[in-house]
Amino acid sequence: MVHDRGEGDKIYLTHEFLATMLGARRPGVTTALQMLEYRGLVHARRGEITIVDRAGMIKLTHGAYGEEEQRHFGIAHG
């Protein structure tokens, strides 16, 4: 959702800040980002996450990405 509201494919957030936003532990965020990177969906560097395959990210949610967000941001269902 941060990607929805920003410009470009780079998101400048640390693992620690993401963990705070999500109410998760930082190591869990790191593991999740590594999984997304392994699948070719993102590229993560220190303080920077680049969305590589947005459609793949949405598909991975199996419908959990909100209908309202998809409608508002003009994302096709797939």
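Is Ile-11 buried or exposed? Ile-11 is buried, at a relative accessible area of 11%. Buried here means under 20% relative accessible area, exposed means over 50%, and partly exposed is in between, with a 1.4 Å probe and protein chains only.

Before I go on, some ground rules. This is a predicted model, so to speak of local features we need pLDDT of at least 70, side-chain atom pairs count only at pLDDT 80 or more, and totals for chains, interfaces and linings use all residues. Residues are numbered from 1 along each chain as its sequence is written, and side-chain values use heavy atoms, with hydrogens and water left out.

Now the overall layout. The protein chain has 5 helices and 3 strands. Helices (H or I, at least four residues) and strands (E, at least two) are DSSP runs, numbered from the N terminus. Read from the N terminus, the order is α-β-α-α-β-β-α-α. The chain has 78 residues, and 29% of them count as buried.

Next, the sheet. The 3 strands form an open sheet, ordered E1-E3-E2, with antiparallel pairing. Two strands pair if DSSP finds at least two bridges between them. At the edges are strand E1 (10-11) and strand E2 (42-45), each pairing on one side only. Helix H3, residues 26-38, packs on this sheet and touches E2 and E3. The direction of H3 makes about 135° with that of E2. For that angle, axes are lines fitted to C-alpha atoms, for helices over the stretch in contact, and angles run from 0 to 180 degrees between N-to-C directions.

Back to our opening residue. Ile-11 sits in strand E1. E1 and E3 pair over 2 bridges, in the antiparallel sense. The bridge partner of Ile-11 in E3 is Ile-49. Now look at Thr-50. The C-alpha atoms of Ile-11 and Thr-50 are separated by 6.2 Å, though the residues are 39 apart along the chain. Thr-50 belongs to strand E3, residues 48-51. Thr-50 counts as buried, at 16% relative accessibility. Leaving out residues up to four places away in sequence, Thr-50 touches Asp-9, Lys-10, Leu-41, Val-42 and His-43. A contact means heavy atoms within 4.5 Å.

On to charges. How many salt bridges does a search of the whole structure find? It finds 2. A salt bridge is a side-chain nitrogen of Lys or Arg within 4 Å of a carboxyl oxygen of Asp or Glu. In one, the side chains of Glu-48 and Lys-10 meet at 3.2 Å, N to O. Glu-48 lies in strand E3 and Lys-10 in strand E1, so this pair ties together parts 38 residues apart in sequence. Glu-48 is buried, at 9%. Lys-10 is partly exposed, at 41%. Glu-48 also meets Arg-45, at 3.9 Å, N to O. That links Lys-10, Arg-45 and Glu-48 in a network of salt bridges.

Last stop, the surface. Phe-17, Met-21 and Leu-22 make a nonpolar surface patch of about 330 Å². Patches are made of residues with over 30% relative accessible area and no salt bridge; like charges are joined within 9 Å, and nonpolar side chains (Val, Leu, Ile, Met, Phe, Trp, Tyr) within 5 Å. Leu-22 is found in helix H2, residues 15-22. Leu-22 is exposed, at 62% relative accessible area.

Terms used:
Areas by Shrake-Rupley, 256 points an atom, 1.4 Å probe, with all protein chains shown as cover.
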